[in-house]
Amino acid sequence: MNQHAPNDQKFRTSLLEENDGPGHNPTDNRTMGDIIATRFSRRGFLKGSLAVSAIAATVSPIAIILADDARAAAASAFNFDEVEAGIDDKHHVAAGYDADVLLRWGDPIFADAPEFDPLSQSAEAQARQFGYNNDYVGYVPLDGSAEHGLLVVNHEYTNEHLMFPGIVKIVEGKIEVAPADQKRVDIEMAAHGGSIVEIRKEGGKWQVVRDGKLNRRITSTTEMQLTGPAAGHDRLKTNADATGTKVFGTVNNCAGGVTPWGTYIMAEENFHGYFGGELPADHPEAANYKRLGVPEGTYEWLKFYDRFDVAKEPNEPNRFGWIVEVDVQDPNSLPKKRTALGRFKHEGAESIVAPDGRVVFYLGDDERFDYVYKFVTKGKFNPNDRSANLDLLDEGTLYVAKFAEDGSFEWLPLVQGEGPLTADNGFVSQADVVIETRRAADLLGATKMDRPEDIQPNAVNGKVYVMLTNNSKRKADQVDAANPRAENAFGHIIELVEDGGDFTATKGKWEVLLKCGDPSIAEVGASFSTSTTQNGWFGMPDNCAVDSAGRLWVATDGNSPKATGRTDGLWAVDTEGEARATSKLFFRVPVGAEMCGPLFAPDDQTAFVAVQHPGDGGEDWESFGRPSYYEDLSTRWPDFKPDMPVRPAVVAITRQGGGKIGV
């Protein structure tokens, strides 16, 4: 069932994010690397507004960046003492700040929920406790308060080898994991989804309100409603749901968003890993699923639940890969899978209100060689009537980005009947377009990107920041000025400016804000400013946040002993003036962890960050001498107790004595 044999030197779930695939894009659409290379080869190294972005692989960035170090440092929008990059079993935050663990895996989130007991865990207990592998973190104020609100958190996936005792053996240096039983599967299913938890700041410290009337767990069995153009379509109907409008649960919720009207967005990303079985090659969905890597079979849920076996329920995968909207003000409401925003491996859905009142959502498809999207609502946001906004996501236009080498780009509408999106190509209705969003974007000639992850609009300067994590499948003959290495390991950040400062515009300009990696190694071709210290550079940009002052903060996924000699963390990145492309390390995670979130409270006096899969070695465990699993962990963060496993957790960072973060 699994792609990875039991004796592989890697745990299956450690590879789930790596299994975003070799790139399932079969087209010859141009890659972003091709376009960047052509653009900068034409305009020359030091021409244009961002000369630093044109650094060639054979030229040291330090040799040609002209900014004066002292002036750039003085012009920085950030003021804090940088953390030293490195690797150990703890977290580290800038001097003068506290980083307090707020919510751990297994913490009760209801007054009557049981305390966490890792040796006697049950699905029933887990469904009333904080879930596993916290990713997106959002905040919904209660009564407009920056110190009292709802924390909304996605739980992306589970790492069985870190969660369950007694299931891992190392035999002759090889990893063996015991097959899953139903109890284990049910706990995993209850640990997925999301948590909605009331929190309050008291005496400068955040506390969980366990008896909060709006507290809620959403899991992979929670009943949900399908809405929008695909709802009720035959391709979404199953034996359990003949209407094609009802789904049980959500999985692999990566990044997300909070809408202007205060609902919680959960983005379904690598859902392909939950499906197994075999689909006949001539099945009508075979090509659709191949484009998405379904079935991949990381999990063993199909042994106990037929809906995850494509041979038994061939339409079930079409019910995943959507944007899910949750009304946090009604704990009994059905979450809604909003099909108008397309079906792919969604990283997140950050939004902004455009000048004309329509709302724009930016969406990344997190796979090598896939695309950047945005969705513009048909209706307009009404700030005075929350109920009038609750179905805005059912109507609008979904676009995919096509970048040009002259620094321009356009948003191409994914609308049935326009261009190649016709019945002749299998798109009989808009339902077909959103179910097969990737194939529709292929036909439009969208630009193939290097793993588009978080995309953040900036209300202060009107720009949009696109995190491109990496593309390890880039071949040696694809090396170019902006991707100056085979296996583009470190990623880059692109900055968009849409025409007229209007987020609904269909055209605009693009620039490379930053090429990541170690700038002291000339062949890497990184483009951090020379004011960036040895601690300040990073690789693999993933999630990001823009605080209320318009400053960019970048979280990473993939820094490790093997890759960069440092753990992941949260970096402050200057985007304006002489300090542009200067980066400083603010917070770093323990060994094996990924940095998720981040989120700033409305008053910028708290930064919430999510420490995901601490203690997981992934492919890199050899670097610290052994695989890390329940009985032999590389860290026991955050409790550091011998009877407690490592536990993913959300951390609240505040300034000692109060005040805004990073100023």
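Is Tyr 274 buried or exposed? I find Tyr 274 buried, with a relative accessible area of 0%. I use buried for under 20% relative accessible area, exposed for over 50% and partly exposed for in between, with a 1.4 Å probe and protein chains only.

**Basis.** I am working with a predicted model, in which local features need pLDDT of at least 70, side-chain atom pairs count only at pLDDT 80 or more, and totals for chains, interfaces and linings use all residues. Residues are numbered from 1 along each chain as its sequence is written, and side-chain values use heavy atoms, with hydrogens and water left out.

**Aromatic pairs.** I looked up the ring pairs and found 27 of them. Rings of Phe, Tyr and Trp (its six-membered ring) pair if their centres lie within 6.5 Å; planes under 30 degrees apart count as stacked, over 60 as edge-to-face and the rest as tilted. The planes of Tyr 274 and Trp 301 stand at 55 degrees with the ring centres 5.0 Å apart, so I record this pair as tilted. It joins distant parts of the chain, 27 residues apart: Tyr 274 is in the loop between strand 13 (264-268) and helix 7 (286-292), and Trp 301 is in the loop between helix 7 and strand 14 (323-326). Helices (H or I, at least four residues) and strands (E, at least two) are DSSP runs, numbered from the N terminus. Trp 301 is also buried, at 0% relative accessibility.

I then examined Phe 528 and Phe 538, an edge-to-face pair with 5.3 Å between centres and 75 degrees between planes. Both residues are in the loop between strand 26 (507-515) and strand 27 (541-546), 10 residues apart. Phe 528 is buried at 2% relative accessible area, and Phe 538 is buried at 0%.

I noted one aromatic cluster formed by Phe 78, Phe 80, Tyr 97, Trp 553, Phe 586 and Phe 600.

**Charges over rings.** My criterion is that NZ of Lys or CZ of Arg is within 6 Å of the ring centre and within 35 degrees of the ring normal. Lys 90 lies over the face of Phe 640, 5.7 Å from the ring centre. Arg 566 has its charged end over the ring of Trp 537, at 3.9 Å from the centre.

**Cysteines.** I found 0 disulfides, a disulfide being a pair of cysteine sulfur atoms within 2.5 Å. For Cys 596, the nearest cysteine sulfur is that of Cys 254, 6.6 Å away. Cys 596 is buried at 0% relative accessible area, and Cys 544 is buried at 1%.

I traced 9 strands in an open antiparallel sheet, in the order 16-17-19-20-21-26-25-24-23. Two strands pair if DSSP finds at least two bridges between them. Strand 16 (350-353) and strand 23 (452-457) are the edges, each pairing on one side only. Strand 24 (residues 463-468) and strand 25 (residues 492-498) pair in the antiparallel sense over 6 bridges. Within strand 25, Glu 495 stands opposite Tyr 465.

**Helix 6.** How many residues of helix 6 are buried? I record 7 of the 10 in residues 182-191, so helix 6 is largely enclosed by the rest of the structure. The buried residues are Arg 184, Val 185, Ile 187, Glu 188, Met 189, Ala 190 and Ala 191. Their cover includes helix 4 (123-126), strand 4 (148-155) and strand 7 (193-202), with contact meaning heavy atoms within 4.5 Å. Gly 193 follows helix 6 and has a positive phi, near 100 degrees.
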